[in-house]
Amino acid sequence: MDKILAGAIGSDIHTAGILNFLGLARKEGYECVYIGSVLGIDKLLDSIKEVSPDIIAISYRLGGESCRELLRELRTALEREGVEKKMIFGGTVETAGVARESGMFDRVFDGSESLEEVTGYLRGRDEAGGTVEYPQGLLERIAFKEPFPLIRHHIGLQTLEETELAVKELAQSRLLDIISLAPDQNCQQWFFHPENMVRSEDGAGGAPFRKREDFERMYEASRRGNYPLVRSYSGTRELLKFSLLFKETLNNAWAAIPLTWYSQLDGRSDRELLEAIRENQSAIAWNGGRGIPVEINEAHQWALRYCHDAIEVTMAYLAAMAAKRLGVKVYVAQYMMNTPPGISPSMDIAKSLAKKELIESLKSESFIPVTMVRPGLMSFPADPHMSMGQLVSSLFTASYLQPQIVHVVAYCEATKRATPVEIIESVKMVKHAMSEAAKGLPDFSKDDKIERHKEFLKNESATILEAMESIKISSLTSPETIYAAINAGILDAPGLRKMSVAKGKTTTATIDGATFAVDENNEVIDERTRLKKLGIFTLE
């Protein structure tokens, strides 16, 4: 166990920074000896001789010129006494600059570092010095960063050149652990049939990737800084081909594939719904069979169409069950907060806990759920400062779910796509908010209202699954069963009305911060009542 001797030199009385540092060091297993502030150089030398530390940590904040003189005196004294120890300096930006110029210190901290950066250094990972080997598998990267979550953001600018430069800048910043590439809709729908692309829409909604080499180029751009994991949004058709492409060009961190979407259900492709569900499940199985983690981005797609909470919880559970049946070992479970707009933080937590308990009930040696949280873009105000507040408050609350991955959505995205400037600003906000939350949140599961709603949603989800069992074809998660449940209206959302093959007969309303199915009088109805009113069948 290494021993750290620490104190503030000269006439500096400030102690907060160095005491915080020693607190982190103790958590990492260091023996720490604090010798106070206002330390003369002679007293520091006497303490070094007495304690015989492995590391000397000194602090000074009072000014650049006085710091320079103190460090000259310290260097002379250390050389005179023949002291050769690893040394760390902490101070302001000004004094830290002087400390770096001196060349005396193994590491200099100026207060701008994140908690995880300091912790990483204490673990022997000098990210600033570029001496770290960054794991390139998802579970390995999670273990590498614990207890801090991986940070993810997406990037897809108007041109490949802009996107490539952005990937380089984001990797070099070391703030992101995962870069998600965002292809434009032309790419997602017609990459393998470029003759069908609408050229006037090149770059709409993402970057115009047109050939295999474009993805290889982005991956190469990411090979710097902290060597982030790379992945891409899935295509909206020919998902098997995309899965192979992303594996070979990006070492895809994980595949994100829906159960039912990118079909006649939402219009993002013209695939017939049953065939789309079959193709989606084949792509999930292909990735699972090759050890590639999978996210089934299903539940929040229903929430974006204003389904009631019970449907969203059910779809989260169905997706996880399908993933397990299809051979996925590492399952990325995404929890989108603030969706639909109007949901309260307490009911958001209740809904998320209901999902999480159901998903994690499936956990086994061969099925490992990974928790990822993100803010809901629908709730971002157009005003940038209000949107910053929404971003920070959303992920502060979501910290309660103990995420292993945080999907940051830049504050500007209600009005424009994010560049590295807004992404870096947003990530810094989120990291600080989550560091504050890590100091200790209330146990929301002990709140009676949250607990009641969570249990209500789990029970309502069981009723929906009971209904699906009654029409089950093969298995509960088979394409045929899911297709039949949508056709029958068991799975439904008002946002699908008149534009989809779904029934779209269910009406929902957000009441007291939660979203319920309601009748023609806007009165809340439970699932048994809803299914009876739809005339699907009778549940006793």
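Guide: Here is a short tour, starting with how to read the model.
Guide: This is a predicted model, so local features need pLDDT of at least 70, side-chain atom pairs count only at pLDDT 80 or more, and totals for chains, interfaces and linings use all residues. Residues are numbered from 1 along each chain as its sequence is written, and side-chain values use heavy atoms, with hydrogens and water left out.

Visitor: How much space lies in the second largest pocket?
Guide: About 870 Å³. A pocket here is an open set of points on a 1 Å grid over the protein atoms alone, with protein on both sides within 12 Å along at least five of seven lines. The volume is the space filled by probe spheres set on the points, which are joined across faces, edges and corners.

Visitor: Which residues lie nearest the centre of that second largest pocket?
Guide: His154, Tyr233, Arg268, Arg374 and Leu377. The second largest pocket has 32 lining residues, meaning residues with an atom within 4 Å of a point.

Visitor: Which element gives the most to its lining?
Guide: β6, with 3 residues. β6 (150-155), α12 (299-303) and β11 (330-336) each supply at least two. Helices (H or I, at least four residues) and strands (E, at least two) are DSSP runs, numbered from the N terminus.

Visitor: How do the residues of that lining divide into nonpolar, polar and charged?
Guide: The second largest pocket's lining has 12 nonpolar, 11 polar and 9 charged residues. Ala, Val, Leu, Ile, Met, Phe, Trp, Tyr, Cys and Pro count as nonpolar; Asp, Glu, Lys and Arg as charged; the others, Gly among them, as polar.

Visitor: Now cavities. How many of 30 Å³ or more?
Guide: The count is 4. A cavity is a set of points where a 1.4 Å probe fits but cannot get out. The largest cavity has a volume of about 110 Å³.

Visitor: What lines the largest cavity?
Guide: 15 residues, with Ile296, Ala299, Ala316, Tyr331 and Gln334 nearest its centre. β11 brings the largest share of that lining, 5 residues. By class, the lining of the largest cavity has 9 nonpolar, 3 polar and 3 charged residues.

Visitor: What about His300, buried or exposed?
Guide: His300 counts as buried, at 8% relative accessibility. Buried means under 20% relative accessible area, exposed over 50%, and partly exposed in between (1.4 Å probe, protein chains only). His300 is in helix α12. Not counting residues up to four places away in sequence, His300 touches Glu295, Glu312, Gln334 and Met336; contact means heavy atoms within 4.5 Å.

Visitor: Switching to rings. How many aromatic pairs are there?
Guide: The whole structure has 15. One of them joins Phe191 and Phe192, edge-to-face, at 5.0 Å centre to centre and 85 degrees between the planes. Rings of Phe, Tyr and Trp (its six-membered ring) pair if their centres lie within 6.5 Å; planes under 30 degrees apart count as stacked, over 60 as edge-to-face and the rest as tilted.

Visitor: Which ring does Phe192 pair with besides that one?
Guide: Phe242, also edge-to-face, at 5.0 Å centre to centre and 65 degrees between the planes. Phe192 lies in the loop between α8 (185-190) and α9 (212-221) and Phe242 in helix α10 (residues 239-250), so the pair ties together parts that are 50 residues apart in sequence. Phe242 is buried at 3% relative accessibility, while Phe192 is partly exposed at 26%.

Visitor: What cluster do they form?
Guide: Phe191, Phe192, Phe209, Phe215, Phe242 and Phe246 form one aromatic cluster.

Visitor: Which charged end sits over the ring of Phe192?
Guide: That of Lys241, 5.4 Å from the ring centre. The rule asks for NZ of Lys or CZ of Arg within 6 Å of the ring centre and within 35 degrees of the ring normal. Arg305 also has its charged end over a ring, that of Trp261, 4.4 Å from its centre.

Visitor: Last topic, the backbone. Which peptide bonds are cis?
Guide: Glu146 to Pro147 is cis, with omega near 5 degrees. Thr339 to Pro340 is cis too, with omega near 0 degrees. Pro147 is in the loop between α6 (138-145) and β6, and Pro340 in the loop between β11 and α14.

Visitor: Why mention phi at all?
Guide: Because most residues other than glycine have a negative phi. Ser52 has a positive one, near 50 degrees. Tyr227 has a positive phi of about 45 degrees.
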